[in-house]
Amino acid sequence: MTASSTTSRKALSKIASNRLQKELVEWQVNPPSGFKHKVTDNLQRWVIEVNGAPGTLYANETYQLQVDFPEHYPMEAPQVIFLPPAPLHPHIYSNGHICLDILYDSWSPAMTVSSICISILSMLSSSTVKQRPDDNDGYVKKCKNGRSPKETRWWFHDDKV
Amino acid sequence: MAFPIELLTLQNLLLRLGSWFMLAAAVSLITLLNRAYVGPEKKFSNESGSGSRPYSSLVQVPVQFVVGLIKLERMPVTKYSSFLEKSEGRFDDSCEEATSPCAVCLALVIASDEVRELSNCSHIFHRECLDGWVDQGRITCPLCRSKLWPDLNNDKSKNSSGDPWRRERMSYLFGEDLCFL
């Protein structure tokens, strides 16, 4: 399972922890619609429930996102994966890894958990087929040792879905 | 990629001094290589006409040096209050709010905070928040992704050879007093 893959993470820096506290407060006041933060006392790992948007292929389905924050968040992107079972989507691998540029190369420190969630829901909503990426089996096999998606060199080839 | 640049300003100074040793080594190595290749066949001899001087793009510039130079020269630091005074003419409502949130740390930027003036957009971040991003080797505004400083190759066609760091290499090699552009 990739769910508990990153165990030896460094603790959040002061800056990271301050910023996350602010995000958490903002989330409580103004949560992105369709998402529910499962409250724990762990600021460094958020588990978020995603409800498929009505009128899309994923309507009435619920999935779980796991967001792990690095020591130097927000200078570095968080690691975001779907907990199993991951939704069937051309950019989501069966191990929960998500092929989405803002989670890797195109990350910016002005993005927030909330904005990531909205991007992921938008990616789900624009899908026209429920299927795995073509290279799913090969990729998942390569990640068997618990590799983080952040260590993958992603190739972003499709901006339609 | 995180580059270890905590004591940037101080380090920069030390780097300038220490780097001459590296530089000497690099230059002699490249001259040597040049001789080895160019000697028998004169392959590259008419390329630049600068004789034995190495072509600037062959000399690696330490990332710290480049980042330090960029921060110093391209993104001047100013107090947020004076930034507001300057931009009052451009933005009607900016003078009302002496505070606005920094998109990086989500804390307010208050009048006494230091900010960097960006050349391609008017977004405001705490100096240390933006520096943390630049230290990661990033060169675009966190909010709009426009380049944090002007494109070096914009206004010149000669001598650029598609090397965006030419000026940095040159000033690293020969000092900042010389003007190559």
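This is a predicted model: local features need pLDDT of at least 70, side-chain atom pairs count only at pLDDT 80 or more; totals for chains, interfaces and linings use all residues.
User: Thanks! Which residues in H1(A) are buried?

Analyst: Residues are numbered from 1 along each chain as its sequence is written, chains are lettered from A and ligands numbered from 1 in the order in which they are written, and side-chain values use heavy atoms, leaving out hydrogens and water. Buried means under 20% relative accessible area, exposed over 50% and partly exposed in between, with a 1.4 Å probe and protein chains only. By that rule, the buried residues of H1(A) are Ala16(A), Arg19(A), Leu20(A), Glu23(A), Leu24(A) and Trp27(A).

User: Why do the buried residues of H1(A) line one face of the helix?

Analyst: An α-helix has 3.6 residues a turn, so residues three or four places apart point the same way. The arc is taken from the directions from the helix axis to the C-beta atoms. Seen down the axis of H1(A), the buried residues line one face because they fall within an arc of 145°.

User: What do the buried residues of H1(A) pack against?

Analyst: Contact here means heavy atoms within 4.5 Å. Helices (H or I, at least four residues) and strands (E, at least two) are DSSP runs, numbered from the N terminus. The face of H1(A) turned away from the buried side carries exposed Lys14(A), Ile15(A), Gln28(A) and Val29(A). The buried residues pack against three elements of chain A: strand E1 (35-38), strand E2 (45-51) and helix H2 (113-125).

User: Which residue in E4(A) stands opposite Asp68(A)?

Analyst: Strand E4 (residues 79-83) of chain A has 5 of its 5 residues buried. Strand E3 (residues 62-68) of chain A and E4(A) pair in the antiparallel sense over 5 bridges, where pairing requires at least two DSSP bridges. Opposite Asp68(A) stands Gln79(A).

User: How many disulfides does a search of the whole structure find?

Analyst: A disulfide is a pair of cysteine sulfur atoms within 2.5 Å. Cys121(B) is buried at 13% relative accessibility, yet its sulfur is too far for a bond because the closest cysteine sulfur, in Cys141(B), is 3.7 Å away. Over all chains, the number found is 0.

User: What pattern does chain A follow along the sequence?

Analyst: Chain A has 3 helices and 4 strands, and buried residues make up 50% of its 161 residues. Read along the sequence, the pattern is α-β-β-β-β-α-α.
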